Amino acid sequence: MGLRGGNMKILICGLPGSGKTTFAQELKGHLGIDADWHNADRVRKIYDDWDFSPEGRIRQVNRMKQLAENSKVKYVICDFVAPTKEIRDIFDADFVVWMDTIKKSEYEDTNKIFEKPTNDEWDYVVKVKDASNTVPFFIKDILGRNDQPA
């Protein structure tokens with residue numbers, strides 16, 4: 001994995017309430033102008049599309065993917081649940097951060113369909129809700145490694 005087509009797509013996924021948005025906001029703060037950040041709720045609001053059916057979720061991941069691919073900056077951060085392997089495969093991230101901080105969300109429909117990412121699906125797993133301390137490790141461990149000359 002790594003830079004493709006000029007930017008790096010970073011997917012931050014996990015159950016609702018796992019800390020995705022907080023992690024993404026902290027990461028965007030560290031990366032500054034080199035990063036775009038797309039949050040699923042803001043994107044759904046822009047499109048006025050709150051359909052969480054299987055078709056609605058596919059439509060949403062395709063929107064997130066398009067936004068990421070159209071970005072002109074080095075890093076594109078997208079935070080959304082990405083509840084199934086199919087959704088994560090469609091998004092096709094360069095790096096996947098799995099927020100494994102909770103076992104169940106307040107949304108039973110999402111809990112029922114959520115498929116935990118397998119070890120080969122994620123690049124970085126976060127086990128605690130502590131973005132101010134975990135994001136610097138992510139940057140050093142994952143992004144720093146990719147910015148090194150070949």
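The side chains of Glu-69 and Lys-9 form a salt bridge, with 3.5 Å from N to O; the term denotes a side-chain nitrogen of Lys or Arg within 4 Å of a carboxyl oxygen of Asp or Glu. This pair joins distant parts of the chain, since Glu-69 belongs to helix H3 (residues 54–70) and Lys-9 to strand E1 (residues 8–13), 60 residues apart. Helices (H or I, at least four residues) and strands (E, at least two) are DSSP runs numbered from the N terminus. Lys-9 counts as buried because its relative accessibility is 3%, while Glu-69, at 43%, is partly exposed. Buried means under 20% relative accessible area, exposed over 50%, and partly exposed in between (1.4 Å probe, protein chains only).

The model is predicted: local features need pLDDT of at least 70 and side-chain atom pairs pLDDT 80 or more, whereas totals for chains, interfaces and linings use all residues. Residues are numbered from 1 along each chain as its sequence is written, and side-chain values use heavy atoms, without hydrogens and water.

By the stated rule there are nine salt bridges, including the following two.

| Salt bridge | N to O |
|---|---|
| Asp-51 and Arg-59 | 3.0 Å |
| Lys-85 and Asp-89 | 2.9 Å |

Asp-51 and Arg-59 also belong to a network of salt bridges with Asp-49 and Arg-63. Lys-85 and Asp-89 both lie in helix H4 (residues 85–91), four residues apart, about one turn of the helix.

Overall, the protein has six helices and five strands, and 47% of its 150 residues count as buried.
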